[in-house]
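Hi,

Here is the structure I promised to pass on to you. Have a look around it first, then read on for what turned up.

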Amino acid sequence: MTTKTKKPLDTVNLAEEVSRGSDETGKLHARLARYHSAKQRALVNLETLKILQPADDFTAARYRAGAVRLVDCGNYLAFRQYYTVGKTRLHKAAFCKQHLICPLCAIRRGAKTLDAYLKRYRFIMAQNPTWKLSMITLTVKNGDDLEERFKHLQKSVARIFERRRDYLKKGRGKTEFRKIHGYVGTYEVTKDNGFREVKETGWHPHAHIMVLHTTTFDYAALQSEWKEITGDSHVLNVTAAKHPDEPELDFLEVFKYAVKFSDLKPLENIHAWDVLRARRLLFSGGAFRGVEVPEELEDEPLDDLPYIELFYRHTANGYSLVSTGAAAGVVDGADAATV
C-alpha cells in the first residue's frame, strides 16, 4: 500500500497565507498559529547558529550577525482590525528579512511575491486569453557540493534563456524555449539522504518555472536540449496549469522556494543559507519582465476605514494579545468585532 507524502508544514503555511480571504478577521487565530510555527523553527535555526563555531573569522562573523537579526524577528506583531469590513491586516512587525533561515519572513516574502506576479498574470491574460500557462521543472544531477551544483544549474538555466533570446532577436539557432512568451522561475534546494525510493543522495537543486505559451512543447526535444546544455541531466517535467480559476494554486509551486529551506535539517538549512544568501533565486523575463515585488513584508492598509489596533507579543505558547487601541475616528473599541 502506498502512503501519501505529507506536504511540508511551511509549504502548507504559505498556501494558507495566500488563500482567498486569508485576511478575514475570523482567520486571525489560524494566521497567528502559522506565524508561531514559523517563529519556532526560526528559533531552532537561531540556536544552531549559536552553537556553530566556524574556523573562518568571516564566516563566524556572518553567523553572529544572522543570529542577532533572528533574535528579534517576529517578537511582536501589530495588526489593524478593520471591523466594518471584517478584515484584519498586519500593519507593523519586526522582520529580519533573512528568508532562507527565517520561515516567518519566508512566508511573508512568498506571499508578497506571489501577489505581485499574479497581478501581472491577470493583466497579461486579459490581453492574451489564448495563451496557456504551464510549469517546467529543470534538474541537474545531485552532488555533495551545494555551491558547485547550484552554479551548474544556474549557468544551465541562463544558457537556455540565452538561446531563447538569440532566436527571438536574431532568428539564430533552434530551441524549444522560443515558444515561451513570458516566464517567472525560482531555484529550490532540497537534500536527498537515500530514504525510501530516492536512490541518488546529495544536494538536489532544481528550478520551477511558470511559462506562458501558445504552442505545445516537444517533450523529447526539451529533454535532448537540456541534456546537451547540462551534460549530466535530461530530467525535466512539463505540467499544464491545473487551476484556471485559482492560478495562485499553480504559482504556489514556484513561490514556495523560500519556505522549502525550513524543510531541511537545521545544520543543512544553515549551510544552504550561507552558500546561497547572496544569490538571486528568482528570475523572470518576457511578459513577466519588470514585475516589482514590495520590499516591506507587512500588508497593505485599507485607507479611510476605521480600525482597532491589536498588539501581539510572541511567547513560548504562541502569540499573546497584550494591548488594543482605537484609531482616530473609532467610536469605541468595545463596539467593534474583536478576535
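If you skip its neighbours within four places in sequence, Phe 251 is in contact with Leu 114, Leu 118, Tyr 121, Leu 133, Val 184, Met 210 and Phe 288. Keep in mind as you click through these that the model is predicted.

As background, nonpolar side chains in soluble globular proteins tend to be buried together.

Now zoom out to the whole chain. Of the 339 residues, 48% count as buried. The accessible surface comes to about 17200 Å², and carbon and sulfur atoms account for 51% of that.

The chain also folds back on itself a lot, if you go by the contacts: among those with a separation of 6 or more, 75% are between residues 24 or more positions apart.

Next, the rings. A search of the whole structure finds 15 aromatic pairs. One of them is Tyr 82 with Tyr 307, an edge-to-face pair with 5.7 Å centre to centre and 65 degrees between the planes. This pair links distant parts of the chain, 225 residues apart: Tyr 82 is in strand β1 (residues 76-82), while Tyr 307 is in the loop between β7 (282-286) and β8 (308-315). Are these two tyrosines, Tyr 82 and Tyr 307, buried or exposed? Both are buried.

There is a ring cluster to find as well: ring pairs link Phe 150, Phe 161, Phe 177, Tyr 183, Tyr 187 and Phe 283.

Finally, two spots where a charged side chain meets a ring. The charged end of Lys 191 sits over the ring of Trp 203, 4.8 Å from its centre. Arg 178 lies over the face of Tyr 167, at 5.7 Å from the ring centre.

Happy exploring!

Key. Residues are numbered from 1 along each chain as its sequence is written. This is a predicted model: local features need pLDDT of at least 70, side-chain atom pairs count only at pLDDT 80 or more; totals for chains, interfaces and linings use all residues. Side-chain values use heavy atoms; hydrogens and water are left out. Rings of Phe, Tyr and Trp (its six-membered ring) pair if their centres lie within 6.5 Å; planes under 30 degrees apart count as stacked, over 60 as edge-to-face and the rest as tilted. Helices (H or I, at least four residues) and strands (E, at least two) are DSSP runs, numbered from the N terminus. Buried means under 20% relative accessible area, exposed over 50%, partly exposed in between (1.4 Å probe, protein chains only). A charge sits over a ring if NZ of Lys or CZ of Arg is within 6 Å of the ring centre and within 35 degrees of the ring normal. Contact means heavy atoms within 4.5 Å. Accessible areas come from the Shrake-Rupley method with a 1.4 Å probe; for residues, only the protein chains shown count as cover.
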